[in-house]
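The structure is shown first, and the notes follow by topic.

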Amino acid sequence: MTTASTSQNDILFERAQLTTPGGVNSPVRAFKSVGGTPRFITRAEGPYFWDADGKRYIDYIGSWGPAIVGHAHPQVVKAVQDAAARGLSFGAPTLGEIEMAEEICKLVPSIEQVRLVSSGTEATMSALRLARGATGRDKIVKFEGCYHGHADSLLVKAGSGLLTFGNPTSAGVPEDFVKHTLVLDYNNVAQLEDAFESMGDTIACVIVEPVAGNMNLIRATPEFLGAMRRLCTEHGAVLIFDEVMCGFRVGLGGAQELYGITPDLTALGKVIGGGMPVAAFGGSAQLMHNMAPIGAVYQAGTLSGNPVAVAAGMATLALVQQPGFYEKLSAQAGKLVAGLTAAAKEAGVTFCADSVGGMFGMYFSQNVPASYGQMMAGDKTRFNAFFHGMLDEGVYFAPAAFEAGFVSAMHDDAVIEETLAAARKVFARLA
Ligand code: PMP
């Protein structure tokens, strides 16, 4: 198929599909859920990026979380340039890695020792292996709608019964690989209690997004996280907070600080790399001593702790520690959410929204959802129309109904107001 379109996005998308499956290197980028042609990005600065046709967008995905200080922040770019000039990768330890570990341990008190990796997937996958290695148990508990990367044992949805083990959500994942993964309802304390009651002594760990950002934005209730902490302690299971998305996003100390709940292990990613591939997992020194080379749990990476990526991460972590950073970020997300809600109400469109720190959710439903099932009941058709309307107006939201959004420190009042002016037009058309 060849298109008569003169849009560079169309031309590039066609070309990309010849050599890359679906034309993209990560599925959600393909616009499959919303339809239409993905935008090919040529450059980004502050709260904006530009596509291959030269059109400017206000960006509300921020690379799906990392771009918290805005795109191409001069201090981050300078740190990367300086590090690159000293060499790209050594495969031997560096001072930068020590400094990054020290910074993470300082900012996230539940972490006494940390291992740097290159993606969130590696961080959660390794944390699971550590939990299994440390407990000598096989079973893991996850929650429907939480995403923890694409490791085999995590690509699983709930089985037919509440306490039956899950089914793979991807071809190529053997049933055998997910037979130890129990998938429960998010925010359902009774179900979690039942699971521990019936098989507590075989559960290695519970892994959770303490503020969920992969089924739109859904807050955990304090009771849910509290019960999880109590049950893990009582039964000798490891509690893993996957803060790849919410870490350094909902606040400086992440969701664990927000809720005042201390996990045994934490997975981090996104913001700690500032747009470069850095992720991490960490916890008590005692637990982390199970890792090779001192312990029996193996894990490794050619580019782990990469000096250029670590430089970007350290520059970003310095910027988010400036006084008032998270207060301002939260305030801007709050203004966006309040403004969108008001605009929808004025137009008579059923809509609500929520934000925690610098992440937000938009729901085409009466109430803010508390579980995957409630979230899935939202009006996807309306979201898609809203998405495309906003895209035409130069505002880029996540190209799928059920994803969280992100603001950066560069989304100032003028940027938010421009967004809301567009939203008022688009909601009026939807009504
Ligand atoms: N955990 C969470 C909570 C995530 O949001 C993501 C990515 N969106 C991952 C893990 C996987 O991270 P990565 O894409 O870097 O492998």
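The domain assignment divides the protein into domain 1 (8-72 + 323-430) and domain 2 (74-320), with bounds that come from an automatic or database domain assignment. The model is predicted: local features need pLDDT of at least 70, side-chain atom pairs count only at pLDDT 80 or more, and totals for chains, interfaces and linings use all residues. Residues are numbered from 1 along each chain as its sequence is written.

**Domain contact**

- The C-alpha centres of domain 1 and domain 2 are 25 Å apart.
- Domain 1 contributes 25 residues to the contact and domain 2 contributes 29, where contact requires C-beta atoms, placed from the backbone, within 7 Å.
- On the side of domain 1 that touches domain 2, the elements giving two or more residues are α11 (325-347), β15 (352-356), β16 (359-363) and α12 (372-376).
- Helices (H or I, at least four residues) and strands (E, at least two) are DSSP runs, numbered from the N terminus.
- β16 gives the most to this side of domain 1, with four residues.
- By class, this side of domain 1 has 17 nonpolar, six polar and two charged residues.
- Ala, Val, Leu, Ile, Met, Phe, Trp, Tyr, Cys and Pro count as nonpolar, Asp, Glu, Lys and Arg as charged, and the others, Gly among them, as polar.

**Helix pair α6 and α7**

- Helix α6 (residues 189-199) packs against helix α7 (residues 222-235) at an angle of about 10 degrees, and their axes are 10 Å apart.
- Axes are lines fitted to C-alpha atoms, for helices over the stretch in contact, and angles run from 0 to 180 degrees between N-to-C directions.
- The two helices are therefore roughly parallel (angles under 35 degrees).
- From α6, Val 189, Leu 192, Glu 193 and Phe 196 meet Glu 223, Phe 224, Ala 227, Met 228, Leu 231 and His 235 of α7.
- The residues of the contact of α6 with α7 comprise seven nonpolar, one polar and two charged.

Conventions:
Angles under 35 degrees count as roughly parallel, over 145 as roughly antiparallel, 65 to 115 as roughly perpendicular and the rest as oblique. Two residues are in contact if their C-beta atoms, placed from the backbone, lie within 7 Å.
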